[in-house]
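Trainee: I would like to learn how to read a contact between two chains. Where do we begin?

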Amino acid sequence: MAELGLVLIAGAKFGAIYALAALGLVVVHKATKTVNFAHGAFAMLGAFASFLVVVHWQWPYWMAYVLIPPLIGIVAALIEFLILRPLRRADMFTVVIATVFLGIALSEAFRLTYNTELLAVPGMFVGMPFIFGGVFVTQETLWVIVGALVISSACVVLFRYGRLGRGMRAMASNVRGAQLCGYSVDRVYMFAWFLGGAMAGLAGVFVAPVSGVSVELSIALISAGFVAGVIGGFDSLKGAILGGLLLGITESLAAAYISSAFKNCISFLLLFIVLMWRPEGLFPEKVARRV
Amino acid sequence: MRRGSYLRAALAIGVVAGLASTAAPVRAQEPGVSDTEITIGAIGALTGPLAFIGTPGRDGMTLALNEINQKGGVCGRKLKLNYEHASTPAESLAAVKKLVEQDKVFALVLASGSTGAAAAADYVRQVGVPTYNLYGSTPIIREPFSKNVFHGAIVPVEVAAPGLISMFYDEGHKPQKIGVLAGTYAFPQATLKAVEDHLKAQKVDYALEKFDQSARDFTSQLVSFGRQKVDSVLILGSFSEAGFAIKQARELGMTNIRWVLDGSAVSRAIVPIIGNADGIRGYFNNPAFPGQNDTVKEFEARLKTFLGSMPQGRPNNYDMIAYGSTYVVAEAIQGTGCQLTRDKFLASWSSLKDAGPTKMGGLDVSFPESFTETDHQGNYRLGATVVKNGEWQVYRVIERP
């Protein structure tokens, strides 16, 4: 039983990070109908910034959580302004390709400026672990699970009840209608990218002590975030969180009780099953229509 | 035939013979050798998961070549390095072919680890280019023996495996069951076979778990070890994989484990990942760890000056091997008596005894290397290392079993 507990906690830890990564992807997609394949690179930049703050400059750890998400959000908003806004009238394929190569460019820029296999970042908490019925839970693990999920939930609330959140939902539903209601496309799109970038930056700060900072982090997070988003339902913020958790726990259980070699393929197997059985995802947003 | 025709034929033969005689010295010039330079080609990964091998390979070689060239070079010629990035087997083979066929290098250095060395093995044997395998432990580059392929500081897996296992028994430790955590890619797999053979021969109880390259979650493997009451773990993989595996083991409550790491994981960069890494062991392919004595401290200072700033985890094993090995190549070139032909070079290399940097004014950061006509493995020694107060230290030299 303790063994199962350990596996579930480990799965939840990675799942919480996947949820955060998926959430940023879904926010941008929900507002702008763009799948941002540069999202993993934003998260990698967040993790790298975390290394600079915590290790290089040795500032207090909390500053990484406070400074980095808005910083990466601003980078994402600037990229939207400089690169994606001119492509707004281009077809979807062009925009997707632009984000793919934007992600590659950001990763390569990092590789060229800091050519090392891995940068290690210590955890925020290093105290004694909690023991629940033989299950060890470190303070860092608890912080990652609880912190990531609380922040994700706060983002869902902001999106649902905040003015700009309403604007993004309105834009996603009907661009022309939203404009007629007074929402600015430019401002809403830029805010969506800011929020998506901030979520990616936050995912980077959470993942840095768990996985270290490397170029490979970009691919690892975009693939996990994408799969989690699709499993949950790509237009559902709640689904992104649940999809991330489900993915992390499923990977962990499969590796522990089937084979460690099965860990990587289980996420794609899960993706195929969900796409075949429920293409709209496991937790899609309910759509109410007045008739 | 008329007399005029005889004359013309004789004249033509004379002209051809004359041209041939003037061209002869040009033809005799070996590939990669000019009046001012000797070109050495090298391959290694500068980006990607294996960059922790290839990048120090390039930097260590360049530092040594700069030092040699500042002292006038070898045989009145500067040594020039053509370093090609290569990560995958296909890239490695393409890079080697480019260096040999287009750049026409005098000697080739494989600074690529087992993946690149295995990919290039057949080709370098076939074309006969003098080749130095810096980091590849794979038997594919070592067997069958070839007169043009030499191996330096990295010992064969049959030597490394008993050395690794011996560290479980240091200071009276008696492992009940050893867990082997091995990467599924080339170099951990090369060592794994030798480790398993050795464990079976010694009738040691062990459990095996595997992980993919760049893995970060080892929960399932560690839970399996816990289930099997493993009290000692050998990790065959990179420092990042080993670091996160040990960190997670502690998070899972596995605190009384003796950890022994493959040489590729013995790096300063593992300490920040784990936090308190004291007691972790592994082998190092050089006689002293960076910071351990004045010679390696001086090496570190020179490398830092050369790079501008020292990246995290550097200098590592690969910086030091590349530096020392470049001096071995230079010594082999000098040993030709400046008759720079491939045959003379191979003969000179095959007769080197205790070759190392100090003979040419460098720093002895690597084990001295000796070769014979029939044994092209330059070094058989390993440094057994342990982390004390957050720093790796070589605590004994493991001799050839």
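Mentor: Begin with a term. A polar contact is a pair of N or O atoms within 3.5 Å; within protein, one must be able to donate a hydrogen and the other to accept it, and residues adjacent in sequence count only if both atoms are side-chain atoms. Between chain B and chain A, four residue pairs are in polar contact, both residues at pLDDT 80 or more.

Trainee: What kind of model is this?

Mentor: This is a predicted model: local features need pLDDT of at least 70, side-chain atom pairs count only at pLDDT 80 or more, and totals for chains, interfaces and linings use all residues. Residues are numbered from 1 along each chain, chains are lettered from A in the order in which they are written, and side-chain values use heavy atoms, without hydrogens and water.

Trainee: How many salt bridges are there between chain B and chain A?

Mentor: A salt bridge is a side-chain nitrogen of Lys or Arg within 4 Å of a carboxyl oxygen of Asp or Glu. The count here is three. Glu3(A) forms a salt bridge with Arg227(B), with the closest N and O atoms 2.8 Å apart.

Trainee: How is the size of an interface often given?

Mentor: As the accessible area lost when the parts come together. Buried area uses a 1.4 Å probe and is summed over both parts. For chain B and chain A, about 2500 Å² is buried, and carbon and sulfur atoms give 51% of that. In chain B, Asp217(B), Glu251(B) and Gln312(B) lose the most area to chain A, together 23% of what that side buries.

Trainee: How many residues take part in the contact?

Mentor: Contact means heavy atoms within 4.5 Å. Chain B gives 29 residues and chain A gives 31 residues.

Terms used
Buried area is the accessible area (1.4 Å probe) that two parts lose on being put together, summed over both.
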